[in-house]
Structure formats: C-alpha cells, structure tokens
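Trainee: Before we start, I would like to go through the terms and what backs each one.

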Amino acid sequence: MNPRPFTRRGVLAGIAATPVAALTACNGVQGGADAAAADFPTRAVDFWVPFDPGGSGDLVSRALAKAAEEPLGESLPVTNKPGANGAVGLKELLAGDADGYTISLAVKSLFAITPLAVEDPDAVVIEDFRIITTLTNEAYVLVVHADSAYRTLDDLLAASAVNYATTGVGTGSQLSAQLLFVGAGVDATDVPFDGGASAVTALLGQEVDAVSASLAETMPQIEAGELRAIAVFSEERSPFLNDVPTAMEAGYDVVVDQRRFVVAPAAVDDEVAGVLSLAFEDAKESPEYGQFLQDNYMDRWEVDNLEAKAHLSEAAEQYAALAEDAGLQLGDGS
Amino acid sequence: MDFSSVLSGFAVAFEPQNLLFCLIGVTVGMLIGVLPGLGPAATIAILLPITYSLEPTAAVIMLAGIFYGAQYGGTITSVLLRMPGEASTVVTALDGHALARRGEAGPALGVAAIASFIGGTASILLLTFIAPALAGVALAFGPAEYTVLALIGIFLVGTLGSGSLWKSAAAAALGLLIATVGLDPLLGTPRFTFGTDQLADGIDFTIVAMGLFGVGEILYNLEHRDRPQPRVPAFGRAIPGRMHWLRSRMAILRGSVTGFVLGILPGGGATMSSLVSYAVEKRVAKDPSRFGKGAIEGVAGPESANNAAATSSFIPLLTLGIPANATMAVLFGALMLQGITPGPGLMNDHPDVFWGVVNSMYVGNLLLLALSIPLIGVFVRMLKVRPGVLAPLTVVITMLGVYSIRNNAFDMLLVVGLGLLGYGMRKLGFEPGPFVLAFVLGSLLEASFRRSMRLFGGDVTEFVQRPVSGVLVAVLVLTVVVVPLLRGVRARQSAAAARVTAE
C-alpha cells in the first residue's frame, strides 16, 4: 500500500494514537498506511457476490450489505461477479488491491467440495484470504415427492434402484446424496441438473425419486405439501424442520452443509479488517437481517476468523477422505 | 376461481403509485431493450437496492415491467441494426432487418409493436383464466421432452434464412460446437476452456449474439462503406398499411397461442416459440421464398409469440416457485428480499401481489404500445446517422452491456473474438442466425439427452414410450421426414405433369 499524505483527520488520529505507537514502536515505517487505515472507510466499500443475482448467496449478501451501511458509515454496493462456483470473482479479488475497499462473499463448497470434482492447479485456497466475518450455515435436506411411496429414509434406502437429481456437479447436493447412497449400499444413479430450481422441478414432475438440496431451495414446496423431507444432512435437526430426522440419527455419518462468509485478500491491513468486522457484527444484530435469515431458512454461523479457517480446512480434508473411502466420483477430475 | 381477488387485483394495479411504477418499469425496460447487449436480468439486479424501500407489489410491478418492456425495445434494435439482444428476437432480426433495408422499417416496427401488444395481452388473459390449471404443463416436461423439443428446434433452424441449406447446417454445427464450451454438465470435465475459469460456465448467449450479429455486422459494414444506405421513410410510413395488416393478423393470432403454450416451459420456451412461429408462418405462406427477404409475417408471428411467452413465463414462477430464465431468477430474488416466497402458496397468501402484478401487465402492455408507436419515427431516424458515428457508438454500448452481464472484462475480449468470427462467416456467406439458435438449443439438447439416458438406464426406446415425448417424436418425424418426402413426391409429380402438358 502506498503511504498517503497526512490528511487532517489522519494527523489528528495519529496524535491521539501516539502513546500506543510509542509503546509498540514498530509502526514508524507504516505510519502513512496506518493513518489511511485509521480513516477507513472514506468511500464506498464494494461488496462482490461471485454468484448470479437472485440466488441464496446473492440475497444474503444484499441483506447484509444493507444492514452494514449504518454501522460502517459508507454504502456497500453489491456487484455480481459469477463464474465457476465463485472462483472467477475470488481470483479477481486476489488480483486487485488488498485495501479493504473490495470484499467478497465466499462459500464453503468452493474450498471443500469443488476440488473433489474439478481439477484446477490454480484453484483459490482459503489461505489466500482473510475471513472478515462468517454468516450462515445452510443445511442440505433430502426430499421426495409428496405422492412418493417412500415415506421415510428407510423406505428410500430399501428401494432396489433410485434415481436422484442433484443441483450440479461438485455441489454439496451431490456429495451428501452420494455419501448416503453409497454408505447404504443402494443402487442409485445421480442426475446432475443445472441449479436448485431445475432439480426441484424434476422432482415435482416425478422424473426422479429424490433430490438433496438446500432448505431455501425446497422449503416453499415442503410447506405447500408438494414435497416431503425425509432427512437433513446436519449434525443436529434443523430448527425449520424439527420433525425431520438427521441422516446421523438413521445411522449414516453424513454431514454436509453450505456455509457463507465474507473475505478480503489475506494482505489486508489488520485495522481495516477490524473496522469491517465490527460493522458486520453490528449488521448481523439488526432485526431486518435476523428476519431475512428466518424468511430464507438460514441458520447463523457466527464464529471467529481462526475457528472459521479451521472448520473450512477440516471440512476439505474430511470430505476428501470420505469421498475416497466411499470410492466416490463426483466428476472425473478426482 | 375466486373472481373477487382478480377484480381487487385491478384495484391494486390502478393505484396511482402502482401505475407510476408500471410506467417507470416499462419505460426503463424499453430503453435497455433498445441498447444492444444490455439485458433485463442485469438491469433488474442493478435496480434491486432501489426496490428495498418500495412496497412489494409496486416493486414487482416495476421489475416485471422492465422484463416485458425490454422485449418491445429489443425488437427495435433487431429490426434496425440486426442486433438481437435476446435469443427470442433472433428470428425477428431476419425478416425485420430485411424490411428495414428495403425502407420499410416503420411498418415493420409498427406491426411488431401491435403484434407484441396482442401477443402479450392475449397471454395475460389466458394466464388469468387458466394459470393454475397450466402449472402442471411445466412439470410434464422432463429431460426426455426437452431433448425432443430441442431436436425439433434445431431442425427448424434449418428453415431459417434464404441462403443455402448446407451453409445453414454448417453454421448450426459450429453453434452446437461452441455450446459445448465449459464444464461438462454431468461430469464437470473442462471442455475447450483452455485452463481458465472464465470459460468454466460456458459462454453467455448475449456474448455470442452480440459478437456474431452486432460486432460482426459492424465490421462487415465498415468494409462496405459505399454500400447504399437503407432509405429512411417519411414519418407517416411508420403506420403499417392495409396490406401489412392483412398479411399479419393470422400470424399474430397463431403466434400468440404458440408463445403462450411454449412460454410456460422453463428454459428455452420463448426461443422455441419464436422459432416454431416462424416455421409455421413460412409453411402456411403462399410464397415461402419471400421469407428471409422481408416477409412481414416473419416479424408479426415471432414477435407476438415471444411476447406471449414472456408473459406466460411468469406462470412457473408465480405458481410453482420455479424461475424460468435468468430474469425470472432475479425477480424471484426480489420477491424473497421483500419477504414474499414465490411458489404454490403465493396466490392464496398474497392475492394482492399476485393479481396486482398480473393485472398491471394489461396496463404495461397498453403503455408500451402507446410509447412505441410515436417513438418508432424517432428510432427510424437512427438509420440516418452516419455509419462512422453510429458504429463506434454501438460498439461502446455493446461493450458496456456485455460487461454488465458478469461484470467481467474477459467477456469483452470474447465478444471481439466472436465478432471476428461473425465477420468471417458473413464474408463467406454463412448466416449467424442458425449459429446463434443452435448454440442456445445445443446446451439444452446435450444436457437433456444425457440426463434422459441416465434416467432411462440407457434405453432409447423410452423416448417414444412416454406420452408427451412420444407425441413430440411423432411431430419431429412428421415435420422432418414425412412432409419433405411428400413434398418431393408432389414436386416430381407436378414436374412430370408439366412435361406431359408441354408435350
């Protein structure tokens, strides 16, 4: 970062901070950058969503960005940068300045599941980023058609052959269902569709027997009584579907979820990251954001940076090990 | 059906505030439709934050207005500049632009506006009375049905254009090839991505259309600067004459029904409806050779079809909660942000939103008709602008539009590359229409076919065993094999008869 000439506010902030600077005594060289960081933000912060508009990732980002404007004191315009499950947007983020004026949504599946299906030597890794704040945990749920003969998970797993739709190659939808069916020794064929909407359509039309998808993608139809949820792939039951057992309760050790969080490039200044984190903590307390999560069937995932990174690395290793044990082939890149 | 909620929907639609947002929506929609490359999906995404502070019904009325308003506007650029911004207006560009070159841009746009109005309005009427019953139609179409539908579409592509059938087929084949770029839909294997994520999701339709039609056409015209410019008609000629009207009215009627039915299908319905309508009009015409050279039915049919389809594509969103295309996905998001879940419960839980939005479309279509007719004269003047000014301006707007799709600079390079390809094709006498349409239908065909084969366990005969796909297979065989054979036989007979009488 280039040292900036002292602005008046910067100088005042610098004077106020003098005792601290004297104590730590190592900030001399970075004085200009620190002053800029102390000012942060002086202009709008771009909030990137590396997914198409209209999806869950887009919606949660917009709800968060709106709630964070007041605590941050600047606006956070949302820009969609879709492509390759978020890899296109995040690579562009890494190529830009790490000044904190550009941050992005990121998802667990890109770091933990996509590598199982798509081979990419230049894939982004979680170490490239600093996690600014963590947002949501969204459970995958296994659903069948309301008219289906399969009333419970046991019914489905006792079937001689099962066709199931997934929301795409290298998604949590595919991983969760494959782990379950392989674990239960069911002769199951996966049919990847192009996103949640088309997979759910195929199930509504009874083209397939089941689909694993996120709660947001299935709850409207579950509530309308058109689809029946028979298992959730979370450690504990979902508060939105209290009467639906987890796969673990049924004896299958399959826990797959999607988690969303906000990142900046790893080189971002500590103070800048701190300002952003604080603003988002405030935003997550706002009633509007809480209502949004409730309306969209999302659980909170609110942990600190270290715990979040540990979770993501563990999940990547764990999924890879599970997939290898089960002999899964998500795509042909693994 | 509960008619009181339909009627109270009119009360909602006619609230002054909602009328205002309807007007804003359709005007914005028409403007972005006119600008090449800028699409309704990107526009609605940009405008989403503005809708936070609006009341849900007003917000959705405005955003829906942008969507169908863009359909009207897109026609103008298709006809005047031969730059279709949506897959569903590619067909319109063929005869529409031919008419414009002949100096009949005004009547072409006039007929298109009236056709759009009738198609849109007929579709809303049908939607009002039979939407709930028709929700199931979208579900009757599984991968097998989409496979056959896409196959019919690809064969229909062959009927487009006036040039050689072989060149059309070659261009279509190239379009199918470009459709395979990106991660394999079932295996995730990268295909023709050259190791970059940028191509992992394939190439967006708008980029292909803007490259091949837009940039390609501009490059070609630069080379032919001394080519005679299209004549700019006097303002009065903007109103279609009796002859245009007589030729168009049946086409509009048929197009409206085709559009309504096919528009219900999520994914590719609107494109298919414009293609089917064009093919039908060409088949029933007394002189099919006029098509591709400026047949007004070739504008009227597809335009009523794609506007009817734009309206009926709301059916899966509002009744099943399934977004039928990229724009619907953003509208879905807009409703969710307002705390309203589109889907099976919408009509009962929020009748004011449902019927308010549906009924506002009558108003919107009327406003669009009222806006377009006087504006045609203005837009036609665009042809008077010197190519030296118009071409660079068009390229700049196209680049902005292409960037706005993914906010990605790589896409701008891609459109230039495809523009060069379009220029090359144009020079060698290959038409971009079959290429672009085959590109759209190619992804649908490949993914649907391979999904079907997985579902059927590899048994191809299931395509004819399922009722809906079986009927579609019959239609395919009839139109592709039987009709041309019969026609061949008849041609030979009449030739023989002619010889007999000559002797």
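The talk below takes the contacts between the chains, then those between the domains.

Mentor: This is a predicted model, in which local features need pLDDT of at least 70, side-chain atom pairs count only at pLDDT 80 or more, and totals for chains, interfaces and linings use all residues. Residues are numbered from 1 along each chain as its sequence is written, chains are lettered from A and ligands numbered from 1 in the order in which they are written, and side-chain values use heavy atoms, with hydrogens and water left out.

Trainee: What makes Lys91(A) and Asp197(B) a salt bridge?

Mentor: A salt bridge needs a side-chain nitrogen of Lys or Arg within 4 Å of a carboxyl oxygen of Asp or Glu. Here the N to O distance is 2.5 Å, so the pair meets the definition. Between chain B and chain A the count is three salt bridges.

Trainee: How many residues of chain B are in contact with chain A?

Mentor: 41 residues of chain B touch 42 residues of chain A, where contact means heavy atoms within 4.5 Å.

Trainee: What area is buried between chain B and chain A?

Mentor: About 3,400 Å², with 58% from carbon and sulfur atoms. Buried area is the accessible area (1.4 Å probe) that two parts lose on being put together, summed over both.

Trainee: And between the domains of chain A, what is the count of salt bridges?

Mentor: Zero between domain 1 and domain 2 of chain A. These two domains bury about 1,400 Å² between them, 65% of it on carbon and sulfur atoms. On the domain 1 side, Ile113(A), Glu138(A) and Tyr297(A) lose the most area to domain 2, together 43% of what that side buries.
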